[in-house]
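Look at the structure below before reading on.

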Amino acid sequence: MRNSITRWIRAGGFVLLTGVLPLAAKEAEMDFELTRIDSGIASVSPYWGYNAPKLVFDGDHFYTLGRWGRQQDTARGIVYRSTEDGWETFLEWEGLHHQPGMVLLDSRRRLVLIHARRDAGPRILHQRLRGDPRGFAPIALPDGLDRAGYIGAAMDGDRLVLGYIGRPGSYSFQVAWVDLDSGSWSGPFVLAREQRSKEPWTTWLYPLIVPDGEGFHLVVSNNAYNSPYYNRINYLYVPYGDPASAVTEVVADANPIEQNLAFAQAIRRAADGALLVSATRRAGDGRIRLIVYRRDPDLRRWKAVFTGSAGIAAIFEHPRERGRMWMSRTAGNALRLYRGEDSGRSWSAVVLNGFGGYGLRDTFFLYGISPASGSLIPDEPCAVFSSGTLPEIGLWFIRFRTSDRHPR
């Protein structure tokens, strides 16, 4: 499924932007900071996973991670830390299996590392002393969490929330959360049992999670067949006190029999409570598009507010200027940036300086920085992304100079 969905999105080509504001006639080019984190040989992109947290900021340093090696089950992980001159290896992380890891921060800005293990529960490591690469301790797993794949994760203070497929049934979707200080778990709770007796199947994958103190917002994509055809994007609000009460809303759907597609990439909760989800969509005309769906916090309805060329996108909101938004996305050998207005109801393209001198190739799997990971949020949008063609992959960091103290 992974390789197929990658081909679907890469094949999007040129699509006219509809519902996107035109560029201002004399708008100046915006600067950006682009640095290579590392490069190497990999069996899958180290950033494969779609919105499973890959970038955090603790106020002093950015952290991200890589996954290297030709074999699926013997990969080596590295946690990278930003420096004044670039990036350094902070921690070597052995034993990564097929799916890459994730990095989050607790309320005291200590790292939390997670990765899936084949036919086993996830490995969760919690940093005991901020800044210390040696001070990680494993978090014990509860009964019933003996298998977890396609993991999504988020932080709610010191509560770590997981969404994943696991038992009962290898593709039944479950959620669980743990207080990192006490080690006390709630769950697992089954939200959707695997259903493969008739088509379309029920197989919820690639969970996107945003907590809010009382529960969490959850978006999942349903894989309808043994194929790349994701037919539906589902949304649920899951309260901690009564997870069984969660009611499914349909964000978008498609007819997989006609090889159409509806697949969620990333989620952002705006300061006013609106939810924005970037998604890949293929409809009846055969074109692959990037769509942004917005859920109005008052009407509780989803609406498409952006349509553009295919790519992987992440939405950023300024931490203190409510409603000031930006969206970055992959675009072949470059990236694109859009400015959001009116709490993400409208978007306009931004002119960027050229990417030609950096040698980017086939940009993909982009992750923006998000408060759902426990990260502090800088004043300017930033992201990590991969570039290249397997097995040779490069990892990159970008920061867009959108603030008034930098050229616009």
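## A residue on the surface

A244 is exposed, because its relative accessible area is 73%. Exposed means over 50% relative accessible area, buried means under 20%, and partly exposed lies in between (1.4 Å probe, protein chains only). A244 sits in the loop between β16 (230-239) and β17 (249-253). Strands such as these are DSSP runs of E, at least two residues long, while helices are runs of H or I with at least four residues; both are numbered from the N terminus. Which distance separates the C-alpha atoms of A244 and L191? They are separated by 7.1 Å, although the two residues are 53 residues apart along the chain.

## How to read the model

This is a predicted model, in which local features need pLDDT of at least 70 and side-chain atom pairs count only at pLDDT 80 or more, while totals for chains, interfaces and linings use all residues. Residues are numbered from 1 along each chain as its sequence is written, and side-chain values use heavy atoms, with hydrogens and water left out.

Strand β7 covers residues 111-117. It is largely enclosed by the rest of the structure, because 6 of its 7 residues are buried. Two strands pair if DSSP finds at least two bridges between them. Strand β6 (residues 102-105) pairs with β7 in the antiparallel sense, over 4 bridges. β6 and β7 form a hairpin with 5 residues between them. In that turn, R109 has a positive phi of about 65°.

β7 also runs antiparallel to strand β8 (residues 120-127), joined by 5 bridges. Here H115 has R123 in β8 as its bridge partner. The hairpin of β7 and β8 has 2 residues between the strands. Within this hairpin, D119 takes a positive phi near 55°. In a regular strand, the side chains alternate between the two faces of the sheet.

S328 is found in strand β23 (residues 325-331). Is S328 buried or exposed? S328 counts as buried, because its relative accessibility is 7%. Contact means heavy atoms within 4.5 Å. Leaving aside neighbours within four places in sequence, S328 is in contact with several residues, including I312, R336, L366 and F400.

I377 lies in the loop between β26 (364-368) and β27 (382-389). I377 counts as buried, because its relative accessibility is 17%. Apart from neighbours within four places in sequence, its contacts include R268, F316, P319 and P371.

## The whole chain

The protein chain has 1 helix and 28 strands. Its C-alpha atoms fill a box of roughly 60 × 50 × 40 Å, taken along the principal axes. Buried residues make up 61% of the 408 residues. Take the contacts between residues at least 6 apart in sequence: 52% of them join residues at least 24 apart.

The chain holds 49 positive and 43 negative charges, and their mean positions are 4 Å apart. Lys and Arg count as positive and Asp and Glu as negative, with His and the chain ends not counted. The place of a charge is NZ of Lys, CZ of Arg, CG of Asp or CD of Glu.
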